[in-house]
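Let's walk through this model together, one piece at a time.

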Amino acid sequence: MIDLVPPGRTDVLCLGAHPDDIEVGCGGALLSLAERPGTTLTGVVLTGEGTRRDEAEAALPQFFPGASVEVLGLPDGRLPAHWAEAKEALESVAGRHRPTVIFAPRPDDAHQDHRLVGQLVTTVWRDALVLHYEIPKWDGDLTRMTHYVPLSEERAHRKVELLNKSFPSQVHRDWWDDDFFLGLMRLRGAEIRSRHAEAYIASKVRLDLGPGGAT
Ligand SMILES: [Zn+2]
């Protein structure tokens, strides 16, 4: 196994269908990126109103100090019926942000809102590394992943601590607890011989293997 390291300045864009998608899907990676000099982070959440909007706006800067967050306020659970608005909203974000790395839900996620964002992202941004994150859930749609971010024991626990602190409106859900999040990170860690990890599917990866190869 080899480690791939993004070169130089990295502008990261995180897309979520709902408040908490981003932090659940890639919160550990964001804690790591926060320690990388020359990294910027913008979060865009397509749905969320009231308390959930407030939580989304406050959460991301906890994981990545200085992160900016936009909550677009489209209808939760109904994104496919608002395909044109979602596409337009993302095109508008693309007019303002040319990221080098994008985190987004999986295009085959069992939740229709996640799936829509995961499918739109590669039609809107064609020159970024897109890493599709996973969101564990009742539907049981876990699958084989391609790219992993190893996480120390401490960082994995920090992620869960911040999730609990950042989303008080969600902690009552029957599936939401420390074991749920730590278990998935432990499982993904075992797949790369690390204690914990987050796993992603890369939609397309370009490898520059040396002088003379790139055009
Ligand atoms: Zn969600």
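Start with two helices: H2 (residues 50-63) and H5 (residues 153-166) pack at an angle of about 155°, and their axes are 10 Å apart. Axes here are lines fitted to C-alpha atoms, for helices over the stretch in contact, with angles from 0 to 180 degrees between N-to-C directions. Helices (H or I, at least four residues) and strands (E, at least two) are DSSP runs, numbered from the N terminus. That angle makes H2 roughly antiparallel to H5, a label for angles over 145 degrees.

By the way, this is a predicted model: local features need pLDDT of at least 70, side-chain atom pairs count only at pLDDT 80 or more, and totals for chains, interfaces and linings use all residues. Residues are numbered from 1 along each chain as its sequence is written, and side-chain values use heavy atoms, leaving out hydrogens and water.

So who touches whom? On the H2 side you'll find Glu55, Ala59, Gln62 and Phe63, meeting Lys159, Leu162, Leu163, Lys165 and Ser166 in H5; contact means heavy atoms within 4.5 Å.

Now look at the sheet. It's open, with seven strands in the order E3-E2-E1-E4-E5-E7-E6 and mixed pairing. Two strands pair if DSSP finds at least two bridges between them. E3 (68-74) and E6 (147-151) stand at the edges with a single partner strand each, so one side of each has no neighbour in the sheet.

Zoom in on E3: strand E2 (residues 39-47) pairs with E3 in the parallel sense over five bridges, and Gly43 has Val69 in E3 as its bridge partner. Our helix H2 comes back here, lying across E2 and E3 and running at about 160° to E3.

How values were computed: Angles under 35 degrees count as roughly parallel, over 145 as roughly antiparallel, 65 to 115 as roughly perpendicular and the rest as oblique.
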